[in-house]
Amino acid sequence: MDDQAFLRDFYRALGDRPLEPGEAWYVDLYPNQALDPVEQLATGIEWSYLESTQLLSGFRGTGKSTELRRLRERLASTGRYKVVLVDMLDYINMSSAIDISDFLITVAGAFSEALAADPDLLGSDPSYTGYWTRVISFLRDTDVDVTGIELGTKAALGGAGLKANLRQDVTFRQRLREHLKGHHAALVANVRAYMSECVQLMRAKHGDEIEIVLLLDSVEQIRGTSISNAEAVYASVEALFSNHAESLQFEELHIVYTVPPWLKIRSPGIGGEYSGSQLLPCVRVADRAGVPDKAGLDALEAVVRRRGDWMRLLGSREALDQLVQCSGGYLRDLFRLLQAAMRQARSQQLPLDAEGLAFAVHEVRNGYLPVTRADAIWLAAVDSTHKPNLVVHRAQDREPNNLYNLSRFFDTHMVLCYRNGDEWYDVHPLIRDEVRRQFAEAEREKQASGEPGRVPP
């Protein structure tokens with residue numbers, strides 16, 4: 001294969017999509033079962049009688065959707081479980097605040113669609129009614145104004161209209177929430193009754209010994225789009241899982257909700273409200289002191305090797321390890337760095353030279369810049385302590401928007417999370433030098449002005 005075709009195919013192989021466990025590109029990053037979040041989730045399900053509710057947190061781009069597929073296969077292979085995997089990106093507006101009422105309706109609606117779409121679950125069972133149709137009747141019975149929803153027949157377009165309005169129409173969602181404030185208990189009962197009916201239909205079709213598992217992917221991607229609404233969106237996610245834990249649990253149904261990694265920090269002890277909580281961390285490519293971690297480097301070398309001939313592209317293991325360490329063990333950024341290297345290599349002879357490699361790193365780094373002075377001062381504390389400090393430096397920094405900033409650092413991957421026994425945090429390697437430079441500059445300015453420095457604890 002000529003160089004251009006090689007680069008094109010390697011580039012395409014690094015596309016961002018979930019993998020099935022049996023695919024040639026899949027690499028098991030958790031050979032130690034004690035540290036394997038999928039094994040922990042599976043054990044929580046298998047050792048619970050008929051029902052459980054667990055949380056799975058992690059950064060976008062760490063392979064969460066792929067690992068949920070591994071969990072599905074792991075459980076389904078026993079013959080005891082029917083597993084329903086739903087991507088909530090298809091149902092939730094990820095840039096708007098979420099509420100318990102529309103979230104419950106959406107979960108039930110998504111569950112009903114998944115059951116009907118798969119002949120191995122329920123398929124076209126004549127005794128089965130989708131929840132979108134069912135909830136229209138519930139809304140009428142509770143006098144909700146459904147004007148503008150039913151664009152056609154009650155059974156078909158009515159449900160589709162409700163689904164679309166919940167995802168796209170902010171005004172409708174607000175009107176629905178305001179009305180259902182006085183009907184929360186009735187809505188929870190309605191959703192639970194429906195989910196229970198689905199479980200019974202599944203057992204009637206597949207056997208009484210069958211247990212049902214619902215995996216809800218992408219919920220962790222709910223985030224604001226601007227400073228004006230981001231804090232409200234973050235607060236709504238926190239309220240959903242902290243204040244309504246009981247409403248999110250269902251009899252005779254195992255559920256795994258994906259949640260953002262900052263949730264446990266904004267809401268300490270939240271894991272105790274559920275059957276369990278697992279974290280999907282970044283791959284540890286260095287320890288807290290910055291010493292390279294050979295096991296992590298080797299694991300990510302295997303990931304890249306499955307996608308293409310990195311030696312032909314880069315020429316040495318040292319060059320690959322440089323990109324891996326720049327990624328911080330964050331898979332999405334590792335793939336972005338490799339693709340940037342390929343774009344540089346397109347106009348020169350392979351393997352890519354050191355200058356081209358540096359340009360590739362700068363290209364991806366520029367996506368994280370600039371870092372504001374205020375952010376750099378905060379991130380310097382994370383760099384120093386490896387803790388996601390909510391409050392740093394001064395008593396007057398104890399402001400509610402600290403929670404917003406922390407959530408923002410996680411969502412933009414400026415702070416990454418690792419796990420080897422305990423959990424610890426670090427500044428993304430691509431911006432670490434900039435954070436340290438700005439913090440040192442801020443310290444010099446403070447000293448020159450005679451004010452006390454802001455040394456991280």
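Visitor: Great! What am I looking at, and how do I count along it?

Guide: This is a predicted model, where local features need pLDDT of at least 70, side-chain atom pairs count only at pLDDT 80 or more, and totals for chains, interfaces and linings use all residues. Residues are numbered from 1 along each chain as its sequence is written, and side-chain values use heavy atoms, with hydrogens and water left out.

Visitor: Let's start with strand β4. Is β4 mostly covered or mostly open, and what does "strand" mean here?

Guide: Strand β4 covers residues 254–259 and is mostly covered, with 6 of its 6 residues buried. Strands (E, at least two residues) and helices (H or I, at least four) are DSSP runs, numbered from the N terminus. Buried means under 20% relative accessible area, exposed is over 50%, and partly exposed lies in between, using a 1.4 Å probe and protein chains only.

Visitor: Which way do the residues of β4 point?

Guide: H254, V256 and T258 point one way, while I255, Y257 and V259 point the other way, and all are buried.

Visitor: Which strands pair with β4?

Guide: Strand β1 (residues 52–58) runs parallel to β4, joined to it by 6 bridges. Strand β3 (residues 211–217) is also parallel to β4, with 4 bridges. Two strands count as paired if DSSP finds at least two bridges between them. To spot these pairings, look for S57 opposite V259 and L216 opposite Y257.

Visitor: What about β1 and β5, how many bridges there?

Guide: β1 and β5 pair in the parallel sense over 5 bridges, and L56 has Q278 in β5 as its bridge partner.

Visitor: Okay, new topic. How many residues are in the largest nonpolar core?

Guide: The largest nonpolar core has 128 residues, and those with the most contacts inside it are M88, F103, M195, F241, Y257, L313 and L338. Helix α4 (residues 100–117) gives the most to this core, with 10 residues. A second, separate core of 16 residues includes V38, L56, L68 and V256. A nonpolar core here is a set of buried Ala, Val, Leu, Ile, Met, Phe, Trp, Tyr and Cys residues joined through side-chain atoms within 4.5 Å.

Visitor: Why do such residues gather like that?

Guide: In soluble globular proteins, nonpolar side chains tend to be buried together.

Visitor: Y257 came up a few times. What does Y257 touch?

Guide: Leaving out residues up to four places away in sequence, Y257 touches T53, Q54, L55, L56, F103, L216, F241, L248 and F250. A contact means heavy atoms within 4.5 Å.

Visitor: Back to α4 for a moment. At what angle do α4 and α7 pack?

Guide: α4 and helix α7 (residues 170–180) pack at about 105°, with their axes 8 Å apart. Axes are lines fitted to C-alpha atoms, for helices over the stretch in contact, and angles run from 0 to 180 degrees between N-to-C directions. The two helices are therefore roughly perpendicular. Angles of 65 to 115 degrees count that way, while under 35 is roughly parallel, over 145 roughly antiparallel and the rest oblique.

Visitor: Which residues meet there?

Guide: S101, D102 and I105 in α4 meet R173, L176, R177 and L180 in α7.

Visitor: Where are the cis peptide bonds you can show me?

Guide: One joins L350 and P351, with omega about 0°, and P351 sits in the loop between α14 (331–345) and α15 (354–366). Another joins L369 and P370, again with omega about 0°, and P370 is in the loop between α15 and α16 (373–385).

Visitor: And which residues have a positive phi without being glycine?

Guide: L50 has a phi of about 70°, and H413 has one of about 65°. L50 lies in the loop between α2 (37–46) and β1, and H413 in the loop between α17 (401–411) and β6 (415–420). Most residues other than glycine have a negative phi, and most peptide bonds are trans.

Visitor: Is L50 buried or exposed?

Guide: L50 counts as buried because its relative accessibility is 16%. H413 counts as buried too, at 8%.

Visitor: Last one: how many disulfides are there?

Guide: The structure holds 0 disulfides, a disulfide being a pair of cysteine sulfur atoms within 2.5 Å. Take C326: the closest cysteine sulfur, in C282, is 14 Å from its own sulfur, so that is too far for a bond.
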